[in-house]
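Today I am opening the notebook on this one. Let me start with chain-level totals, then turn to the chain contact and a pair of helices.

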Amino acid sequence: MTVSEALKTVDAGSVGTVADVVEAPRAPRRVGAGRRVLLGALGVVILAAVWELYKALGPADGVVIGGITVLPRTTDLAMPHVWDMIARLFEPVSSIAGAPPMWLAVLQASAFSLGIAAVGWVVGVLVGGLLAVLMQRFITAEAAVLPWIILSQTVPLIAIAPLVRRWGAQIHLGTFEWAPWMSVAVIASYLAFFPVSIGALRGLNSPDTNHVELMRSYAAGWWSTLVRLRLPASVPYLLPALRLGAASAVIGTVVAEVSIGLRGGIGRMVVEFAAAAGGDPAKPWAPIFGAVLVGLLAAGFVSLIGVFLRRYRRGEVPA
Amino acid sequence: MTDQNATATDGGSVAASAGAGATRTATAPDAVTVSGVSRVFGSRGREASVTALDDVSLDVAPGEFVSLIGPSGCGKSTLLRLIADLDQPSSGQISVFGKPARRARIDQDYGIAFQQAGLLPWRTVAANIELPLELHRVGAAERRTRVGDLLSLVGLDDFGSKYPDQLSGGMQQRVAIARALAESPRLLLMDEPFGALDEMTRERMQNELLRICAETDAAVVFVTHSIPEAVFLSHRVVVMSPRPGRIVDVIPVGLGSTADRGEALREDAGFFDAVGAVREALHGHPVSAGPATSATSTGSAGEAREGANLCEPSGRPAGRESR
């Protein structure tokens, strides 16, 4: 497996997480918490079953139509057994003496990446929130800023990562030194702020005319209206945006770690282990599992925020 | 036409002052003074402008209950919004307790309630009522006492900690009224507050509103579609016509002071007479010229179909809308 293939797999894995995240909020109204966990586990089991079924029945050279490989090869090299991937987690990372077990190394890398993603997420949420408030306050700001916000997301990460790194390296404020992990966090926030700004803007503009006029009849100023009406009303819009932002921050962190070449995180681990795929095909899957875990934790954290803001979600239409 | 309106308004005002009882003194400014107010909407681009209100004049005495009635599009809600300073007149003057409408809004001289209760879903009933007090930095202890008083005033003592989605429509509307009364305004502005309620709830709410008004002694400007509702509640009923919105007539309803009105009034002969008078003004009043005349010819047919209510809740007056 080449580096680019490994990266694609990471992206695909993360995208899967995003989809889970988007679907999740609709489920809780109908299905109990216990059943949700059960159904989630069932989904994983089915995925593993499909994997093994194709591996057992599919042609060794994959399905090729008109010279294009539509389905992958089923060799142990391209598609290791699920149990091999799991077993690999409990073996040492490498043959070097004293190497830690794989699961520990992956967990450490996951924690490292999760930390950076969290910083990126917080920065992204603050920036996105401020932009949304600004756009809500000044209609000209919305006209001037919104197209740029949307445009910003069309710039490929690979293009901005070296720029951020170079600019960061020139920052020296007293004893403060720009660390490479900060560049990764900036890129994570660059992805995270987008859904937050769009979602928050929609949320801030969501109160009925009725409510806005009521506040006006109370001679409430812009700030009071923001605090008492617009912010609470934006919560149902904000939570999915925060969740998407968290997923984006994780993707941004993993990809930026690779682009910038930061060691210690999941992104770097994916690349390093992909190089070992030839002799140890189950090895590259360990960091991918780690990336999925980071995504799940990030989404879970946002769900926790939602629990604390339950009061502001009474207006949500029950499914 | 304009002169006639002005005359009718003035005449009505005088008659109503008598009807409203001794609340009006020579020195106290009127609760609301609307003089020569017009409101023209849109004239941007190719769109033709719409005259929602045309040269409307109206006085409301302190403690007086005045209803605005008329078909959809007659500008009654617009007039209310102008008084509330949620919108500004294109021409003319509006003063509330002798101040410009804007000043009155900033000074919180009025409380307002809309057809939709408009409660904030994330706040409890008590917190909703508290909102205006909170915004104007009333102390927590004072707020609590006031909210307690208001809850019992609207008969919701045990519901302070409930959330709006746990209440029926009528209860929500009562909370909205309590909220409008939170700062003891001397003027209440109500835009079809009972429009979305069923008939039985509606009558009960009307009785309660009369009781509350008698207790608070506030002047009320009340927008409604329903003739019996207007007659039952008001000292004066202001009848309006659409396109352009004008005051057609002002009917004094001599049914006694707010405190004396009760359920028995609905069976009273005077009540039916006043209902008849308002209905006549709405449908069959001989107005000299203009679109109102053509409306007159179809008025009786429309009246027969509509019964006592001028409009269906969402609807428009069948007789007039055929133009």
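**Chain A overview**

I looked up burial in chain A and found that 38% of its 319 residues are buried (20 or more other C-beta atoms within 10 Å of a residue's own, with C-beta atoms placed from the backbone). This is a predicted model, where local features need pLDDT of at least 70, side-chain atom pairs count only at pLDDT 80 or more, and totals for chains, interfaces and linings use all residues. Residues are numbered from 1 along each chain as its sequence is written, with chains lettered from A and ligands numbered from 1 in the order in which they are written.

I then noted 11 helices and four strands in chain A (DSSP runs, numbered from the N terminus: H or I of at least four residues for helices, E of at least two for strands).

**Between the chains**

I see 17 residues of chain B and 16 residues of chain A in the contact (C-beta atoms, placed from the backbone, within 7 Å). On the chain B side, helix 3 (101–106) and helix 4 each supply at least two residues. Helix 4 of chain B gives the largest share, three residues.

**Helices 4 and 5 of chain B**

Which way does the crossing of these two go, left-handed or right-handed? I find it right-handed (the near helix is turned clockwise from the far one by less than a right angle). For the contact itself, I list Ala126(B), Ile129(B), Glu130(B), Leu133(B) and Glu134(B) in helix 4 meeting Arg143(B), Arg146(B), Val147(B) and Leu150(B) in helix 5.

Terms used:
Contact = placed C-beta atoms within 7 Å. Buried ≥ 20, exposed ≤ 12 C-beta atoms within 10 Å, placed from the backbone.
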